[in-house]
Amino acid sequence: MDRRQRKTREAVFKAFSRLLAKKRYQHITVQDIIDEADVGRTTFYAHFPTKEDLLDQLCEDIFGHVFSAVREREDSHDFSSRPGTLRNGLTHLLYHLLDRRDDFASLFSGDSGGVFLKYFREQLAKAFDGMQELFPESVPKAYAETFYVSSFAELVSRWVAEGFQESPETMVGCYFALIRVG
């Protein structure tokens, strides 16, 4: 993707986030996004066939990078040489949320929060896939995965609502301490 395309996508992502802070997801139209981002309709549709695709791509930009096998050094954090463990992946994810806190505070808040949390949980489920060593043998995989994903999503939601007060390492440490109880 060239610089111009990246700039357009970023403008659309930021416009979408601003709109989510003001309106319900269901009430945001593609025209609203186009107007807010100051891009043409054709340009928008060249990048995102639908509003749902925009939300998918926003999530994919975050999660695809965080849980990919190839990680690069970033300005605010460096996970490039760390092993691809679940703990490192979740911590890395929280750094991305922290880096884009303004965007994610609006995505997690209000009526749009439920829509984003659905996507967030779906992506987290991919991160937990293959982590059966965490799951008690007596609990079916689907139930255990739902528990771990939902628990982490709710913890993150609370972290965002409280203004990202704790560090990503602290949050992930709390999560692992909690899931080991019981």
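**Ser157.** I began with Ser157 and found it buried, at a relative accessible area of 16%. I keep in mind that this is a predicted model. The cut-off for buried is under 20% relative accessible area, so Ser157 at 16% falls in that class. Next I looked up where Ser157 sits, and the answer is helix α8. Which residues does Ser157 touch, leaving aside its neighbours within four places in sequence? I get Phe108 and Leu117.

**Helix α8.** I then went through the helix itself. α8 covers residues 141-161, which makes 21 residues. From first C-alpha to last I have 30 Å, close to the 30 Å expected at 1.5 Å a residue. Which α8 residues are buried? My list has Ala144, Glu145, Tyr148, Val149, Phe152, Ala153, Leu155, Val156, Ser157, Trp159 and Val160. A reminder to myself for reading such a list: an α-helix has 3.6 residues a turn, so residues three or four places apart point the same way. Past the end of the helix I checked Gly163, which follows α8 and has a positive phi, near 80°.

**Ala37.** I moved on to helix α2, residues 30-37, where Ala37 has its place. Is Ala37 buried or exposed? I noted it as buried, since its relative accessible area is 11%. For its contacts I again left aside neighbours within four places in sequence, and Ala37 meets Ala11, Val12 and Ala15. I also looked up the pair Ala37 and Arg9: they are 28 residues apart along the chain, and their C-alpha atoms are separated by 9.4 Å.

Notes
Residues numbered from 1 in each chain as written. Predicted model: local features only at pLDDT ≥ 70, side-chain atom pairs only at ≥ 80, totals over all residues. Heavy atoms only, no water. Helix = DSSP H or I, 4+ residues; strand = E, 2+ residues; numbered from the N terminus. Expected span 1.5 Å × (residues − 1). Buried < 20%, exposed > 50% of the residue type's maximum accessible area, 1.4 Å probe, protein only. Contact = heavy atoms within 4.5 Å.
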